[in-house]
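Have a look at the model below. We'll walk through a helix pair and then a few charged pairs, one at a time.

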Amino acid sequence: MEHVQHRFHAGCTSSTQLYREVLALGYAGGYHVVHRHAVTIRKGVAVPARSATPRPRDITSWIMRSQESLSASDVAQLDAARSACPEIAQACDLAREFTDMLRQRRGHLLRDWIQKAELGGPDAIGIFADSVRQDLHAVTAGLTLPYSSGIVEGHVNRIKTIKRQMYDRASFPLLRARILLQS
């Protein structure tokens, strides 16, 4: 019905003509539906046609990916979302700045980012910034130092998997033996 509204406002007010046009576009409904919609437009009570709103997951994906990896249509849709909602624009800027700190190991910029996020960012990012502030030294070290706890986390995950496999079937000594045998 978006096409009908667009054409009606462009000057085509004939329900028959509008029906022929939407049929050519693949519309499978009846004439009376188009006619009733044209009458509501004429009376000024028609609900405006919705524009295609991107899913939050898509917007998040566009924000978190590097700008070089976005297609031209993704950039256009993200720009449209940013201009439609200032909160999305703020969230986009803050998220990209934080991602850049993470990728480039610029932990020394964290305090400034937290201040920006708490003062001018959306509520959710402000809450995240507050939680980062509570453990500032550890997060700064994580964003600055080249060390990683990935290996340890992998071992912990492996142990938890073995433990789940044995749940309620064996004692601690057997769990210990299985872990030590796999090492």
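Is R106 buried, partly exposed or exposed? With a relative accessible area of 33%, R106 comes out as partly exposed. Keep in mind that this is a predicted model.

R106 has a partner, too: its side chain meets that of D100 in a salt bridge, at 2.8 Å from N to O.

Now let's turn to a pair of helices. Helix α5 covers residues 72-84 and helix α6 covers residues 86-104, and their axes come within 5 Å of each other, crossing at roughly 120 degrees. That angle makes α5 oblique to α6, because the roughly perpendicular range stops at 115 degrees and roughly antiparallel needs over 145.

Who does the touching? On the α5 side, the contact is made by L78, A81, R82 and A84. From α6 come P86, I88, A89, C92, D93 and R96. Sort the residues of this contact by class and you get seven nonpolar and three charged ones, with no polar residue at all.

Since R82 sits in helix α5 and D93 in helix α6, the pair ties together parts that are 11 residues apart in sequence. How open are the two ends? R82 has 23% relative accessibility, so it counts as partly exposed. D93 falls in the partly exposed class as well, at 43% relative accessible area.

The general idea behind such pairs is simple: side chains of opposite charge can pair when their charged atoms come close.

R133 belongs to helix α8 (residues 123-134) and E118 to helix α7 (residues 110-120), so here the bridge ties together parts 15 residues apart in sequence. R133 is partly exposed, with a relative accessible area of 39%, and E118 counts as partly exposed too, at 31% relative accessibility.

Key:
Residues numbered from 1 in each chain as written. Predicted model: local features only at pLDDT ≥ 70, side-chain atom pairs only at ≥ 80, totals over all residues. Heavy atoms only, no water. Axes fitted to C-alpha atoms, helices over the stretch in contact; angles between N-to-C directions. Helix = DSSP H or I, 4+ residues; strand = E, 2+ residues; numbered from the N terminus. Parallel < 35°, antiparallel > 145°, perpendicular 65-115°, else oblique. Contact = heavy atoms within 4.5 Å. Nonpolar A, V, L, I, M, F, W, Y, C, P; charged D, E, K, R; others polar. Buried < 20%, exposed > 50% of the residue type's maximum accessible area, 1.4 Å probe, protein only. Salt bridge = Lys/Arg side-chain N within 4 Å of Asp/Glu carboxyl O.
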